[in-house]
Amino acid sequence: MSDHPQIGRRQALKFLAGAPLLPLGSLSMASMLSACGGGSTAAEVAPAVSFVSASFSSMAAPSLANAAAMATTTVGSTLSVTMSDKSVKDYKLAYQPFFITGDMVADGAGGKVLAGAYYDINNKAIMDNSVVGKERQIFSDSPDGTSLLSVANPTVAGIKGKAVFAVVQFEYTTRNLSGADMYGQLPSPIAVLTLDQDQTTGKLSLVKYHNVDTSKVHGLWITCGSSLSPWGTHLSSEEYEPDAPFASTDAQFKAYSKNTFGSETAANPYHYGHLPEVTVNPDGTGSIKKHYCMGRISHELVQVMPDNRTVLMGDDATNSGLFMFVADTEKDLSAGTLYVAKIGAGFSIDPAAAGAKLTWINLGHATSAEIENMANTLKPSDIMAVSKTDPLDASYTKIFTGGKANWIKVMPGMEKAAAFLETHRYAYLAGGSMGFTKMEGTTVNIKDKVAYSALQNMVDSMVKGNAKGWNEQSGIALDKALVAGGVMAHSLGGAQSDTKGAAIKSEWVPMQTKALLVGEDIAADALGNLANPDKIGNPDNLKFSEKLRTLFIGEDSGYHVNNFLWAYNIDTKVLSRLMSMPSGGEATGLHVVDDLNGWTYIMSNFQHPGDWSSSLHSKVQATLDPLVRANYKDRFGAAVGYLTADATSLKLSKG
């Protein structure tokens with residue numbers, strides 16, 4: 001580490017303005033500047049020092065040698081910032097939670113509210129009555145997508161620095177007090193957090209928690225990853241959309257309907273599987289709407305391109321596709337054209353391979369209002385006949401969805417309804433490459449015009465000849481599965497036409513896809529890892545930092561004993577482990593903000609700590625289970641927070 005012997009106050013300010021600053025806990029800017037000295041020195045007239053590059057050190061994966069580190073969030077990495085004068089500043093990283101779900105937190109009006117709590121369609125508390133004498137309001141153990149943002153002219157009281165806001169969604173809760181499975185049976189909550197940003201340290205403190213009223217959008221279904229739109233709204237997700245033709249016999253959907261509306265038959269499956277958008281108000285409240293025209297798919301998280309119109313969408317399903325939406329108007333997702341990718345020859349998960357060409361099939365143009373009206377008025381049988389067995393009728397077409405064969409027939413005149421409400425089936429029928437498995441997060445590298453998509457697994461429908469959904473039409477034919485998954489890179493460009501020759505009105509169209517990073521399946525190691533712990537395993541959340549030139553990767557792994565948060569520098573090709581989640585928990589809520597009032601933030605949550613799998617955790621469960629239970633409310637709690645910097649790590653002068 002190189003430092004100049006002396007640095008004046010003005011020069012320090014120039015340094016601090018040029019570098020990406022992570023929040024520095026309790027260390028104040030005043031103390032840093034006073035340490036530099038207040039008088040005139042030769043450094044006062046030195047040339048301005050500017051930021052050049054950043055790199056992360058890689059921490060070791062925790063082991064049973066320190067079991068406590070495996071049972072909580074563990075950070076052992078450092079951010080090193082290189083300046084134009086060749087000096088290097090090191091920021092030792094740490095994790096700072098806003099709360100653990102189940103905590104009582106400030107409601108901004110002098111009272112308290114339960115973090116991650118569930119409410120029905122009438123905004124009444126949903127109770128867990130499964131154990132007599134322990135009745136309580138249900139709260140989530142699975143916080144997920146998070147956006148950090150600012151709003152003009154905030155009006156929240158009690159702010160000492162500057163008000164910033166985070167939108168946090170809660171995907172599901174794993175179990176009730178009796179231990180019964182609760183996945184997908186409750187309407188997902190979504191909250192706006194008002195945070196007080198200390199202007200000398202960047203530290204964020206929670207001052208208000210507001211639960212967003214989702215009743216006008218029929219409640220939310222399994223909200224997973226999210227992104228921040230270029231215009232400052234939170235773009236949510238509804239994944240694993242209810243299978244509408246069979247929803248009436250689906251126990252999960254019936255339970256959702258009962259818990260949300262009070263009746264097993266009240267919920268309409270066509271109201272779910274869409275893209276919700278949350279707008280934060282200056283008073284720390286939020287409003288929500290759903291966009292019904294972006295395809296009813298397993299929305300994981302979407303990425304809006306810099307044109308404010310083109311949206312690349314993850315599709316977290318078996319027999320999933322790469323979807324794109326091009327809005328009619330900038331910063332308005334309420335109308336546009338939906339496309340699905342067709343993969344050309346040469347698809348490979350070998351990063352050394354050249355990659356495969358992508359072309360785009362136009363599935364149709366629609367407004368959100370017209371598709372919502374269809375959702376309100378049409379039954380599944382009005383749109384499409386669907387059979388899970390061969391009807392021996394030539395008017396039906398065999399397709400694959402969810403890893404299984406279906407035979408389908410679109411009803412006369414229902415092509416648009418099928419495209420936007422039965423998107424998975426219709427996209428296959430239209431010739432789309434519906435062969436991916438669990439395409440998760442998407443993000444974009446603007447400078448290089450490259451988008452990235454995570455494939456949590458490369459199995460089943462991606463493996464040639466596999467009975468679980470493989471189809472030659474997809475253009476994907478791996479010789480063997482790679483359960484550890486990987487990240488694909490898509491080169492972007494303009495002047496593209498769809499498969500019928502019509503121009504695609506975007507300069508940000510994916511044109512080619514190739515593998516960027518892949519994991520490695522292994523035989524169980526000493527801890528029980530089934531994927532190489534020094535490589536990515538089951539990537540899920542992705543976010544790219546333009547300033548840091550870094551792709552951040554969060555894991556949802558059934559193959560790593562602890563899930564990790566990684567940083568991959570796309571220039572140096574260095575992969576660094578930044579953080580380890582509690583064993584049995586999933587890394588979620590990844591969000592990177594290069595500059596919010598001068599500070600850099602890496603947001604990260606985790607889900608369901610101690611969600612043990614006998615095939616993965618048998619060697620560690622006995623040791624870690626009591627530790628995880630002690631840390632996280634008997635496994636009912638999980639953290640919402642961010643990576644910060646150790647207050648003692650920044651040193652601007654020697655001595």
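Buried here means under 20% relative accessible area, exposed means over 50%, and partly exposed is what falls in between (1.4 Å probe, protein chains only). All views come from a predicted model, in which local features need pLDDT of at least 70, side-chain atom pairs count only at pLDDT 80 or more, and totals for chains, interfaces and linings use all residues. Residues are numbered from 1 along each chain as its sequence is written, and side-chain values use heavy atoms, with hydrogens and water left out.

**View 1. Trp 221, Phe 253, Tyr 256 and Tyr 272 are linked into a cluster by ring pairs.** Rings of Phe, Tyr and Trp (its six-membered ring) pair when their centres lie within 6.5 Å; planes under 30 degrees apart make a stacked pair, over 60 an edge-to-face one, and the rest are tilted. That rule gives a count of 15 aromatic pairs. Trp 221 and Tyr 256 are edge-to-face, because their ring centres are 5.0 Å apart and their planes stand at 75°. This pair links distant parts of the chain, with Trp 221 in the loop between β12 (204-211) and β13 (227-228) and Tyr 256 sitting 35 residues away in helix α4 (residues 251-261). Helices (H or I, at least four residues) and strands (E, at least two) are DSSP runs, numbered from the N terminus. Trp 221 is buried at 1% relative accessibility, and Tyr 256 is buried at 0%. Phe 253 and Tyr 256 make a stacked pair, since their centres are 6.2 Å apart and their planes at 10°. Both lie in helix α4, three residues apart, or about one turn of the helix. Phe 253 is buried too, at 3%.

**View 2. Two arginines lie over phenylalanine rings.** For a charge to sit over a ring, NZ of Lys or CZ of Arg has to be within 6 Å of the ring centre and within 35 degrees of the ring normal. Arg 136 has its charged end over Phe 636, 4.7 Å from the ring centre. Arg 577 lies over the face of Phe 564, at 4.4 Å from the centre of that ring.

**View 3. β15 and β16 form a hairpin.** Strands pair if DSSP finds at least two bridges between them. Here β15 (residues 275-280) and β16 (residues 286-291) run antiparallel over six bridges, and Val 280 stands opposite Gly 286. Five residues separate the two strands, and Gly 284 in the turn has a positive phi of about 85°.

**View 4. Six strands make an open antiparallel sheet, in the order β1-β3-β4-β35-β34-β33.** β1 (51-56) and β33 (586-596) are at the edges with a single partner strand each, so one side of each has no neighbour in the sheet. Inside this sheet, β34 (residues 599-607) and β35 (residues 639-645) are joined by four bridges, with Asn 605 opposite Val 640.

**View 5. Lys 633 and Asp 103 meet in a salt bridge, with their closest N and O atoms 2.5 Å apart.** A salt bridge takes a side-chain nitrogen of Lys or Arg within 4 Å of a carboxyl oxygen of Asp or Glu, and the count by this rule is 16. Lys 633 is in the loop between α10 (621-631) and β35, and Asp 103 in the loop between β4 (88-100) and β5 (104-106), so the pair ties together parts 530 residues apart in sequence. Lys 633 is partly exposed at 31%, and so is Asp 103 at 26%.
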